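How are the helices of this model packed, and which residues make up its nonpolar cores? The report below takes up these two topics in turn.

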Amino acid sequence: MASRRSKHLLPGFGLTLGVSMLYLTIIIVLPLLAMLLKVGGMGWPEFWRIVASNRSLAAYRITFSSALAATVFNGFFGLLLAWVLTRYSFPGKRLLDALVDLPFALPTAVAGLVLVTLFAQTGWYGQFLEPNGFKVNYTQLGIIVAMSFTSIPFVVRTVQPVLEDVEAGYEEAAKTLGATGWQVFARVIWPTILPAFMTGCVLSFARSLGEFGAVVFIAGNLPGFTEIVSLLIFIRLDEFNYEGAAALAFVLLLAAFLTLLATNALQSWQVRYADRST
């Protein structure tokens, strides 16, 4: 009886579900529905004219390529950071673990200003990079840096708990059978953390696609070179061109949805493959 009561600490199912659905409707469904209605009311020729213009295509290219580069960077260094935090003990570990969440707590505009200052010609990093031909501010490299900074916690925080739950006995058993360290990682640890790693990378990619505050300060916002889609949406809104903003937002929404759908399908396949292997 006690265990049954412990499962129902909140009010009844109907009330709990109703409050949850009301929240989702107000915060997520209604804004998306308003955007879709705005897109549906403009007609196909007008929609295609907006999303296929030269300026829009350049913004897609810059946004998606920068988000992909940031995701690759975050995938490697996020996994490495999660590994260090779970497998080693060292002075300052708790501080480093707390700093991982800093991009979540820091306003993105503040992050953009900090990055611009650091990579300026007289900044801590820029004074060494620019004389050697690595200009970051007002280039696509700056966009990648800003996207990487704001989205790397997604990889770390999704992989870290899975790494902590990996049974040490499996690793020890593999070592006793003669496996090297890389073999243990590739055949024991990697298959276990792969779904979480993929989830973190997808979340990082989706977060990078919609990044605005950190990018707008460091990019320079030059159409065709450093203008991202979210900034172009803001410009259309500032021009009271709500149809144009909605059309561009729909493209980003569709890209994020297809990415999540493909990743979920790949994760399901990976889980089924792992079950057959065992």
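## Surroundings of Ile 143

Setting aside neighbours within four places in sequence, Ile 143 is in contact (heavy atoms within 4.5 Å) with Ile 62, Ser 66, Val 215, Ile 218, Ala 219, Thr 226 and Ile 228. This is a predicted model, in which local features need pLDDT of at least 70 and side-chain atom pairs count only at pLDDT 80 or more, while totals for chains, interfaces and linings use all residues. Residues are numbered from 1 along each chain as its sequence is written, and side-chain values use heavy atoms, with hydrogens and water left out.

## Nonpolar cores

A nonpolar core is a set of buried Ala, Val, Leu, Ile, Met, Phe, Trp, Tyr and Cys residues joined through side-chain atoms within 4.5 Å, where buried means under 20% relative accessible area with a 1.4 Å probe, protein chains only. The largest such core has 22 residues, and those with the most contacts inside it are Ile 143, Ala 146, Met 147, Val 215, Ile 218 and Ile 228. At least two of its residues come from each of α4, α7 (108-118), α9 (140-165), α11 (181-209) and α12 (213-219), helices being DSSP runs of H or I with at least four residues, numbered from the N terminus. Another core, of 17 residues, lies apart from it and includes Val 100, Ile 152, Val 184 and Val 188.

## Packing of α10 on α11

Helix α10 (residues 168-176) packs with α11 at an angle of about 140°, their axes being 10 Å apart; axes are lines fitted to C-alpha atoms, for helices over the stretch in contact, and angles run from 0 to 180 degrees between N-to-C directions. Tyr 170, Glu 171, Ala 174 and Lys 175 of α10 meet Val 184, Val 188 and Ile 189 of α11.

Key:
Buried < 20%, exposed > 50% of the residue type's maximum accessible area, 1.4 Å probe, protein only.
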